[in-house]
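Hi,

Here is the structure I promised to pass on. Have a look first, and my notes follow below.

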Amino acid sequence: MKKIILTGGGTAGHVTPNIALLPALKEAGYEVEYIGSYNGMEKELIEKEGIPYHGISSGKLRRYFDWKNFSDPFRVIHGYGQARSLIKKIKPAIIFSKGGFVSVPVVLAAKSLHVPAIIHESDMTPGLANRIAMRGAVKICCNFPETLKYLPEGKGVLTGSPIRQQLLHGDRQKALEFTGLPGEKPILLIIGGSLGSVFINNAVRGALDELLERFEIIHLCGKGNIDHSLDGKKGYVQYEYISKELPDLFAAADLVISRAGANAICELLALHKPNILIPLSRNASRGDQILNANSFKKQGFSYVIEEEQVNEKTLSEAIHYVADHKDEYKKAMSESGQMDSIKKIVDLIKENSL
């Protein structure tokens, strides 16, 4: 049995595609181990899957001044040494990286030990971590055709994003039992990302009474963002973060409000869910979510609101518009032609393994 090391972390978006690959990798005869940060979100998510997990030192390369910019390079160097030791010990046939700063020392350590590494770039343009890791990769997977021009010649492969297959098999009735919602009105599912969004949370709660006249609402508001003054409000439930029950919540949802991370929007596309995308602003990111969202808008998959324009009025108007035109959005998504991303990536892993 060949071994493969998966790596990636920092947010759920750097972990869930790796989790989506697990069944196919095991079926292909790979024994899987994972390298992530000591206490990042990826640790809990991966350990739940029963995969051996190895934590290493990691640091973040920031585009702004922070005193940690002086200490984090030493953490990365330490992580590089730890990754080399782990790779020597595990002896993988290949490494697959989903990105995030913890993956950089792993991919570079793999190159130094002549172990092939494949990385996956979800966004339209490569992030800083993957731009650094590219020099250690034999192949670079991507979601958008436009991304290929940003990748080294001969390395880029258009694969799409691995979608967790369980997302496609949710149960609406189980969602109603879990949430306690009656299911008598269309259900609006709000996902602000694993860390939540103050902009989205405030706009939703400000328009809550008006929205509840037409919808029942499931609000995933992010860690520490529960508003207990709304506990028990009829037709409204809120959670910090949901993992296991998410497929059922998607099955129940008639309309979804989401950030525009590439993995999230690819899941919405696969599920054919009418959606409103609120990408992170350029003030809070490098603008990748704006590019992702605009691509989906042009293709007729999504309604987009810039974060700076989000308020009770604009959000409410968008929700009613998408609800009134939901069939048009579903039709565009159903005609998009989904790639079998998991098969394509696993075939690439097989072709490049030692």
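Predicted model: local features only at pLDDT ≥ 70, side-chain atom pairs only at ≥ 80, totals over all residues.

Cysteine 141 counts as buried because its relative accessibility is 0% (buried means under 20% relative accessible area, exposed over 50%, partly exposed in between, with a 1.4 Å probe and protein chains only). Residues are numbered from 1 along each chain as its sequence is written, and side-chain values use heavy atoms, with hydrogens and water left out.

Back to the cysteines. A disulfide is a covalent bond between the sulfur atoms of two cysteines; the cut-off here is a pair of cysteine sulfur atoms within 2.5 Å. Searching the whole structure turns up 0 disulfides. Cysteine 141 is in none, and its nearest cysteine sulfur, in cysteine 142, is 7.7 Å away. Seen from cysteine 142, the closest cysteine sulfur is that of cysteine 141, and 7.7 Å is too far for a bond. Cysteine 142 is buried too, with a relative accessible area of 0%.

**The seven-stranded sheet**

Helices (H or I, at least four residues) and strands (E, at least two) are DSSP runs numbered from the N terminus, and two strands pair if DSSP finds at least two bridges between them. With that in hand, 7 strands make an open sheet with parallel pairing, in the order S3-S2-S1-S4-S5-S6-S7. Strands S3 (53-56) and S7 (156-158) are at the edges with a single partner strand each, so one side of each has no neighbour in the sheet. From one strand to the next, the twist averages 25°.

S1 (residues 2-7) and S2 (residues 30-37) run parallel and are joined by 6 bridges. One to look up is lysine 2, whose bridge partner in S2 is tyrosine 30.

Threonine 7 also sits in S1, and it counts as buried because its relative accessibility is 0%. What does threonine 7 touch, leaving aside its neighbours within four places in sequence? With contact meaning heavy atoms within 4.5 Å, the list is Asn18, Tyr34, Ile35, Ile95, Phe96, Ser97, Lys98, Gly99, Val102, Ser103 and Val106.

Helix H4 (residues 103-112) lies across S1, S2, S3, S4 (94-97) and S5 (117-121), and runs at about 155° to S4. For the angles, axes are lines fitted to C-alpha atoms (for helices over the stretch in contact), and values run from 0 to 180 degrees between N-to-C directions.

**The six-stranded sheet**

There is also an open sheet of 6 strands, again with parallel pairing, in the order S10-S9-S8-S11-S12-S13. Here S10 and S13 take the edges, each with a single partner strand, so one side of each is left without a neighbour in the sheet. Helix H6 (residues 172-179) packs on this sheet and touches S8, S9 and S10, its direction making about 85° with that of S10.

Is S9 (residues 216-220) mostly covered or mostly open? Mostly covered: 5 of its 5 residues are buried. In a regular strand the side chains alternate between the two faces of the sheet. In S9, Glu216, Ile218 and Leu220 point one way while Ile217 and His219 point the other, all of them buried.

As for its partners, S9 pairs in the parallel sense with S8 (residues 187-191) over 5 bridges, with leucine 189 opposite isoleucine 218. S9 also pairs with S10 (residues 236-239), parallel again, over 4 bridges; there leucine 220 has tyrosine 239 as its bridge partner. Elsewhere in the sheet, S11 (residues 255-258) and S12 (residues 275-277) are parallel over 3 bridges, and valine 256 stands opposite asparagine 275.

**Aromatic pairs**

Rings of Phe, Tyr and Trp (its six-membered ring) pair if their centres lie within 6.5 Å; planes under 30 degrees apart count as stacked, over 60 as edge-to-face and the rest as tilted. That rule gives 4 aromatic pairs. In one of them, phenylalanine 296 and phenylalanine 301 have ring centres 5.2 Å apart and planes at 85°, so the pair is edge-to-face. Phenylalanine 296 is buried at 5% relative accessibility, and phenylalanine 301 is buried at 5% as well.

Tyrosine 303 and tyrosine 321 make a tilted pair, 5.6 Å centre to centre with 50° between the planes. This pair links distant parts of the chain, 18 residues apart: tyrosine 303 is in S13 (residues 303-304) and tyrosine 321 in helix H12 (residues 312-324). Tyrosine 303 is partly exposed at 26% relative accessibility, and tyrosine 321 is partly exposed with a relative accessible area of 36%.

Cheers
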